[in-house]
Amino acid sequence: MAIQNPNPWGPPYGGPPPVPPSIPTKDLRPRRLWYAVAAVVGLILVGAGIASIAVTVVDSVNSVDTARSFPSGESRTFRFAEGKTKAIYVSQSGQGHVDCRIPGMASGSMTQPSSTFRVTAGSRTWERVFEVRPGSSGDYTLTCTSDQPADFALGDKPRVGNVVGGILAGIGCFIAGFFGAAAIAVVTAVRRSRHRKRLTTMWTPAPQWGPPPSGPAPWPPAGPQS
């Protein structure tokens with residue numbers, strides 16, 4: 001039969017540490033709704049970027065009147081307005097020598113631009129080769145030739161600044177959408193984590209301490225005994 005001696009120190013002092021409470025997700029702030037806000041902001045800005053680039057491309061394509069194009073060696077009559085610059089475009093299989101003439105228009109009205117501008121419509125690429133700024137309004141016949149198989153068309157003078165600006169605006173929207181959505185999501189996650197820690201500290205019960213030890217020591221003190 002085993003004999004158990006009573007604990008001279010009395011009942012156990014203290015107890016196990018309190019279990020941290022489980023914080024419901026719905027009680028955390030800011031709400032998870034802000035993750036959806038981040039996604040919506042990103043989608044809106046990306047959509048705006050796509051729209052900006054698409055509009056720029058469509059405007060560039062529509063600036064060339066491909067519906068009234070004509071082959072090399074033939075002529076077509078167009079309406080010109082005084083002081084309004086138009087551009088002559090060519091779509092050819094190679095880098096051929098191009099020549100265009102407008103009989104009846106004052107000398108110097110047609111000039112060759114110093115920069116290159118191309119527009120792709122479908123499977124064809126149209127390159128600006130001349131610009132025409134008439135001194136008087138009227139109907140003029142345009143005749144163009146090339147030493148390569150080619151088609152010619154009249155169009156608006158390209159606004160290179162608008163094209164570049166539209167593309168850059170679209171790219172800027174892409175970047176803003178990505179970083180904006182990421183920033184909102186990160187800030188939301190950090191603040192929710194801090195809020196969880198605060199609630200955990202507030203809701204954790206205080207430790208329950210028992211009475212302090214009492215009674216004689218279970219062993220004699222060290223040193224010589226009298």
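A residue is called buried under 20% relative accessible area, exposed over 50%, and partly exposed in between (1.4 Å probe, protein chains only). By that rule, 27% of the 226 residues in the protein are buried. This is a predicted model, in which local features need pLDDT of at least 70 and side-chain atom pairs count only at pLDDT 80 or more, while totals for chains, interfaces and linings use all residues. Residues are numbered from 1 along each chain as its sequence is written, and side-chain values use heavy atoms, with hydrogens and water left out.

Start with the cartoon view. It shows 2 helices and 9 strands (DSSP runs numbered from the N terminus: helices are H or I with at least four residues, strands are E with at least two). From the N terminus, the order is α-β-β-β-β-β-β-β-β-β-α.

Next, select F80 and Y140. Their rings form an edge-to-face aromatic pair, 5.9 Å centre to centre with 70° between the planes. Rings of Phe, Tyr and Trp (its six-membered ring) pair if their centres lie within 6.5 Å; planes under 30 degrees apart are stacked, over 60 edge-to-face, and the rest tilted. F80 sits in strand β2 (residues 75-80) and Y140 in strand β8 (residues 138-146), 60 residues apart, so this pair links distant parts of the chain. F80 is buried at 1% relative accessible area, and Y140 is buried at 12%.

Now select F178 and F179. The ring centres are 5.2 Å apart and the planes lie at 85°, which makes this pair edge-to-face. F178 is exposed at 57% relative accessibility, and F179 is exposed at 55%. The whole structure holds 4 aromatic pairs. For a cluster of rings, select F70, F78 and F152, which ring pairs link together.

Turn to the charged side chains. The count is 7 salt bridges, each a side-chain nitrogen of Lys or Arg within 4 Å of a carboxyl oxygen of Asp or Glu.

- Select R124 and D151: their side chains meet in a salt bridge at 2.8 Å, N to O. R124 lies in strand β7 (residues 124-132) and D151 in strand β9, 27 residues apart. R124 is partly exposed at 31%.
- Select R128 and E131: the closest N and O atoms of this salt bridge are 2.8 Å apart. R128 is buried at 6%, and E131 is buried at 12%.
- Select K26 and D27: here the closest N and O atoms are 3.4 Å apart. K26 is exposed at 59%, whereas D27 is partly exposed at 25%.
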